[in-house]
Amino acid sequence: MRETGLATSHLVYPLFIEAGLSGRQPIDAMPGQDRLGLDSLAAEAASLAGLNIPAVLLFGLPPFKDEMGSGAWARDGIVQEAVQRLKDARPGLLVVGDVCLCEYTSHGHCGIVRPDGSVDNDATLPLLAETAVSLAEAGCDIIAPSDMMDGRVATIRAALDASGHTETPILSYAAKFASAFYGPFREAAESTPAFGDRRGYQLDPANRRMALHEVIADLDEGADMVMVKPALPYLDVLREVRDAIEAPIAAYNVSGEYSMLMAAVRNGWLDEQRAIDEVLTSIRRAGADIIITYHAKQWAQAMA
Ligand code: PBG
């Protein structure tokens, strides 16, 4: 009688890869999650294979940051190098490359910043396109822009096609809300904006119709899959998007959702396995085909 299925095949596991790090470094704000050095990726790929987790989403901590975020599209950039190591260790691993500048810019914003501190949407687009092409060239199977600049899906699609990556799909972070739940991620990825916030380009949590509008705009621009993010505070949006479109939908069970649950578990207030299973099942029930979650390994281990 069970209506909703959950399997490891639905899960994508995010990895934080730090340049210059050897081994693994625990992330304080995300108990159980580590930053990984390039030298620990082969073991990580093997551990994910053992758990049948099919896919990873990569975030990089570069060796340097600048105004433009040039580490994002460097040929020897941290994510570019990581893809090769992962593919060498496990050729069948599906690698999703996150496209954004915030981990690479000195100011921590997702785009080029004007002298008055605002983000210049249109000037940012070519840099995102260059990043996307560089990640596809490095071997990423799916390109996932998370910056929320207007028009970036069309720009990235055109750049991928022009560089021969016509078969590389785009998973667009279409309905990405300006959320407090990204807090732990920003510690993990060192991407907290030095000034201001992301409300100029991410969605207002109060806006449901706007979210649908963004999803449809991204599909029109050529997105193959769309994302709703965060997941739990936006399950209504997820359901609404599911009912409105045919394309595959991903939901991102973000860092704050993870850390909140883990903090309660560590205090003995929640049963870890039951809570994780219920959270992931609810995201599937709301309509997600794909769940990006830091709980992926834990859940898969318990099911094995
Ligand atoms: C980069 C990006 C963020 C997340 C994924 N890509 C942070 C942000 O927008 O500040 C958040 C993921 C998480 O919280 O787990 N733009």
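Which residue in β8 is the bridge partner of Leu171? In this predicted model, the partner of Leu171 is Met225.

Strand β8 comprises residues 225-229, and strand β7 comprises residues 171-176. The two strands run parallel and are joined by four bridges. Strand β8 also pairs with strand β9, which covers residues 249-253. Here three bridges are found, and β8 and β9 again run parallel. Within this second pairing, Val228 stands opposite Ala251 of β9.

The peptide bond between Lys229 and Pro230 is cis, with an omega of about -10°. Most peptide bonds, by contrast, are trans. Helix α7 spans residues 235-244, and together with β8 and β9 it makes a β-α-β unit that is right-handed.

Helix α7 also packs against helix α6, which is formed by residues 209-221. Two packed helices are described by the angle between their axes and the distance between those axes. For α6 and α7, the angle is about 45° and the axes are 10 Å apart. Because of that angle, α6 is oblique to α7. The crossing of these two helices is right-handed. From α6, the residues Ala211, Leu212 and Val215 take part in the contact. They meet Val237, Glu240, Val241 and Ala244 of α7.

Most residues other than glycine have a negative phi. Met148 is not a glycine, yet its phi is positive, at about 70°. It is placed in the loop between β6 (142-145) and α4 (152-162). Glu190, likewise not a glycine, has a positive phi of about 50°. This residue belongs to the loop between α5 (183-189) and α6.

Are these two residues buried or exposed? Met148 has a relative accessible area of 4% and is therefore buried, since buried means under 20%. Glu190 has a relative accessible area of 46%, so it is partly exposed.

How values were computed
Residues numbered from 1 in each chain as written. Predicted model: local features only at pLDDT ≥ 70, side-chain atom pairs only at ≥ 80, totals over all residues. Heavy atoms only, no water. Buried < 20%, exposed > 50% of the residue type's maximum accessible area, 1.4 Å probe, protein only. Pairing = 2+ DSSP bridges. Right-handed = clockwise from strand over helix to strand, strands pointing away. Axes fitted to C-alpha atoms, helices over the stretch in contact; angles between N-to-C directions. Parallel < 35°, antiparallel > 145°, perpendicular 65-115°, else oblique. Left-handed = near helix turned anticlockwise from the far one by under 90°. Contact = heavy atoms within 4.5 Å.
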